[in-house]
Number of protein chains: 2
Amino acid sequence: MTLRLLRYFVAVAEELHLARAADRLGIEQSPVSRAMRDLERLLGVSLFDRSARQTRLTWAGQVLLGEARRVLATVDQAVQATKETLHNPPRTLDVMR
Amino acid sequence: MTLRLLRYFVAVAEELHLARAADRLGIEQSPVSRAMRDLERLLGVSLFDRSARQTRLTWAGQVLLGEARRVLATVDQAVQATKETLHNPPRTLDVMR
DNA sequence: TAGCCTTACGGCATACGTAAGTATA
DNA sequence: TATACTTACGTATGCCGTAAGGCTA
């Protein structure tokens, strides 16, 4: 699993349209389509219902959308918390030992 | 940020030794060293204290270790929860609309 | 046939391994 | 000098864009 696949998936799941998702991601449709295929293969589940004219989420897709948002939020927090150590030094001197 | 950098970092932070971390990851020392350098540049903070003979975590490194573990746990849960939708179908039929 | 997604292919960027280099105790 | 981390360089893998292909209303 990679964050790239999760980021692409959230964009597609929210837009329900590959071209718009690709626009939002600043890339072309093609890599987005391939990424969704790769993600489905990786997880072994269908994330989208492509039978209809419009793209829709399967149940697995709905579950992953919530989970992926949590992952990305956790990543953002990890980056922020680490950067903020510059301004919030440890209270005691021996925490680094 | 990538999961690869976080996975490598957790290995190094837990082993406090690049060769052992590399062994655990199934790769060579060299890419691990480069990854840690890249991660520090990305975050703009020092994660390791390299002045001593042994590798030690800075305060920022200790904070990131906890955060990175949370991220990786969240990812595992995301994958599991999505895969389990195959055995736990939605209770109602209209959740996919 | 118009709109949307997918596949093929070539090029670029990223990541690895080997091996040489640097530093410290 | 032994141990551990870093840097240089060539190769392999991964990801992207362009363009062609397929499908459905």
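**Two protein chains and a DNA strand**

A phosphate oxygen of DNA strand D is 2.2 Å from an N or O atom in the side chain of A:Y8. This is a predicted model, in which local features need pLDDT of at least 70 and side-chain atom pairs count only at pLDDT 80 or more, while totals for chains, interfaces and linings use all residues. Residues are numbered from 1 along each chain as its sequence is written, chains are lettered from A in the order in which they are written, and side-chain values use heavy atoms, with hydrogens and water left out.

**Around the DNA**

- DNA strand D has 19 residues around it, and the closest include A:Y8 and A:R34 (near means a heavy atom within 4 Å).
- B:H17 puts a polar side-chain atom 3.3 Å from a phosphate oxygen of DNA strand D.
- B:L18 uses a polar backbone atom instead, also 3.3 Å from a phosphate oxygen of DNA strand D.
- Sorted by class, the surface near DNA strand D has 5 nonpolar, 6 polar (Gly counts here) and 8 charged residues (Asp, Glu, Lys and Arg).

**Where the chains meet**

- Chain A brings 35 residues into contact with 35 of chain B (heavy atoms within 4.5 Å).
- Together they bury about 3,000 Å², 68% of it on carbon and sulfur atoms (accessible area lost on being put together, 1.4 Å probe, summed over both).

Definitions and conventions:
Buried area is the accessible area (1.4 Å probe) that two parts lose on being put together, summed over both. A polar contact is a pair of N or O atoms within 3.5 Å; within protein, one must be able to donate a hydrogen and the other to accept it, and residues adjacent in sequence count only if both atoms are side-chain atoms.
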